[in-house]
Amino acid sequence: MSITNSSPAAVSHADLTEALFQDGPDGPYVHGHWRKVVSAELFRHRPLSSVQERWQHAYDRLHAVNEQLPVSPESFIADPRGLAALHEWTAVVDGATATVAGIHFNLFLGSVLDDEVSQARDLEKFWSMARVGTFLCTERAHGNDAAALETVARYDRGRDEFVLHTPDDGAQKYMPNTSPVGGPKTAVVAARMLVDDVDQGVFLFLTPLSDRHGTLPGITVTMLPERIGSPVDHCVTRFDRVRLPRTALLQGPHGRLLPDGAFTSAVGSPRKRFLHAIRRVTAGKLCMSASALGGCRAALATAVRYAHVRHISGPVAGQRVPLAAHRSHHGRLLERVAMAYAMTFLHRAVTERWLTHRPDERADAERLVAVAKGWITWKARDITTECRERCGAPGLFPVNGLAEYSANADGAITAEGDNLAIWCKAGAEMIFGHELAPQAPEATGLESVTDLAFLRGTVATAERHWHSAARRDLRSGRSADGLGRWNNASDAALALVEAFAVGQAADAFIAACAGAADPSARAALESLCALFLLGEVEARGGLLLARKALTAPHIGALTQARGELVAGLAPLLASLTDAFDVPEEHLDALPMLAASRPVSRSRGSTRDPSAARATTPRRHARCHGPPGFSDRSVHRARPSWARATGAHRTGALFLAEPNPGLSRRRLAIRRSGCPPSTPGAGAIRPGPTGGPRPPPAPPRRRLRRGPTRMIG
């Protein structure tokens, strides 16, 4: 598919949205449903909340999600595509909500419902959220080697019960959300099942943890320190000879314990039994990829919106131009937008493959899910970091909604299998268990570097090279030294996995281009696809030149072609990110975007003269950043009401901390950083106990001219 370097003059973001959310037969409905759910006031960004309050917010939102499931709970939990869509949208507004929702619906209820052998269990308390489910697998001493975990469930024949026990500190369950926050909880606990002192492998056990009075006897829960990203009530949990009925065992083909105490299994290997027991982790990988997708697209929507509303000095004295006018700014964003489209289309294709694979294709489908999870979450971190940087100082402040996305991507990189570990596993399997990519013909120099088929062929050449290198490196090691042989081949194997992931993303992107009905949308998608592939090819330029997949003139043409594509796509930047359909309710709640909009010059009537003064342009006359990011002299000129109420500057806001002498209402004054002009718009009022109004401002002080100016 050859494209020109010119992009359409205009494109409907609705057509691009349709392409992005073609996610199965009900994709537009399912994604539209969850978008509407997270647009509600309950899901708004709450920068003034404490960590403990944000824990509770996540569970409050989980209840709201549960009340608005688009299908029955059983159908929802059985649909990985629907679960992933939930993560894709909740991660836009709160990564913690996505985390607790994934644990409750997928890992906990999904594992329970996958047990089709045991007698049906009464799950009404979980459907109604009277109890919250959680999942305990990872231990302090066993993360990626969870198959070696040490928690034991010893079968007591005399009482027909299991005794769940943590033998040492290394066996404590690490990081589950097991605190009392959110209400009574029940867990699915991974433990080594011992029957007549014979280790039958790791199985899952349904274990109540707490009730409305607190943690149940024999269970110790210790809060972990606050981690980066959206806060979740992570804990360390241990068991001291907790007795469970035999029916607590979640059974299946991998293992059953009959009423007479006899153990049977259709799976001979204890390791394979463990993998079967935690098979919900594969759907979890799709969910982690989806949450990273939602977060990075929201970060791009925020950064692009900011790039258009934030104006800086232009090349002519007195001229102001938006950040988006600069190639150095919009070019970097466009490259990340192209990457986000590629990630989205890859996720759609991988989800479809997982849902439609035949039984004999399961291993390949699982590996593809793992490879995509690693690639998408790593790229999401790169995108969110770039978006934060492009927003300058405001992007550093959590109040502006950008800072957590990168940390949340870090969490997704580690959750449901650490990326490096699952890529090592995928690479080891692919060395001899995956066919070599097709051999592309040698380049002649006549090929267009924006021809999508040609670019895809160069990626295949890179994949084939690293595949052959990994085979060679593995064979060259000493046969008796398994670890040494793998170490020798691991670099090439990981490069193989990455090239394979890029190729799969390219295939999904090209298919999406072909499926776009609107010509302008198709042209825009093809330009984005070419921009994405040019970046990947240029990064491998030396290898591809050596393999004769590119010629020397091609190498020089790559940079020029990228520049031409960026120039053609620049006018479409806002439409390309509007297509992500991030709720306006979320974007409007971000002070960084509100503060960068034009401020009214009308003074109006106000109770506090400092408010009227602050609405004039003079308020920020010396500030070269967005309103609220001034030099120290502006900070010193804080209105007296801000000092009296304990308000402090954070980002583009004055954020008021609770003051026992005043109303407990928290103040979030946007744009000018001063109180609104009318009580109905949120002016300061006496508290419920009749607290005093803020004192009047002192006489206006002249701002002292300082030697430094802050550039936003």
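**Figure 1. Helix 10 in the predicted model.** Helix 10 comprises 30 residues, 327-356. From its first C-alpha to its last the helix reaches 43 Å, close to the 44 Å expected at 1.5 Å a residue. Helix 10 is mostly covered, with 21 of its 30 residues buried.

**Figure 2. Strand 6 and its pairing partners, strand 5 and strand 12.** Strand 5 (residues 185-195) pairs with strand 6 in the antiparallel sense over nine bridges. Within this pairing, V189 has F205 of strand 6 as its bridge partner. The two strands form a hairpin with two residues between them, and D196 in the turn has a positive phi of about 55 degrees. Strand 6 also pairs in the antiparallel sense with strand 12 (residues 249-250), over two bridges; here L204 stands opposite L250 of strand 12. Eight of the eleven residues of strand 6 (residues 198-208) are buried, so the strand is largely enclosed by the rest of the structure.

**Figure 3. Surroundings of G182.** G182 is found in the loop between strand 4 (173-174) and strand 5. The residue is buried, at a relative accessible area of 15%. Apart from residues up to four places away in sequence, G182 touches Q56, Y59, H63 and V132. A130 is 52 residues from G182 in sequence, with 9.7 Å between the two C-alpha atoms.

**Figure 4. R471, a buried arginine without a salt bridge.** R471 is placed in helix 14 (residues 452-476). The nearest side chain of opposite charge is that of E435, 8.6 Å away. Neighbours within four places in sequence aside, R471 is in contact with I431, F432, H434 and L436.

Figure 5. D114 forms a salt bridge with R280, with 3.2 Å between the closest N and O atoms. R280 is buried at 10% relative accessible area, whereas D114 is partly exposed at 24%. R305 forms a salt bridge with E584, the closest N and O atoms being 2.8 Å apart. E584 is partly exposed, with 36% relative accessibility.

Figure 6. K425 forms a salt bridge with E429, the closest N and O atoms lying 2.6 Å apart.

Key:
Residues numbered from 1 in each chain as written. Predicted model: local features only at pLDDT ≥ 70, side-chain atom pairs only at ≥ 80, totals over all residues. Heavy atoms only, no water. Helix = DSSP H or I, 4+ residues; strand = E, 2+ residues; numbered from the N terminus. Expected span 1.5 Å × (residues − 1). Buried < 20%, exposed > 50% of the residue type's maximum accessible area, 1.4 Å probe, protein only. Pairing = 2+ DSSP bridges. Lys, Arg positive; Asp, Glu negative; His and termini not counted. Salt bridge = Lys/Arg side-chain N within 4 Å of Asp/Glu carboxyl O. Contact = heavy atoms within 4.5 Å.
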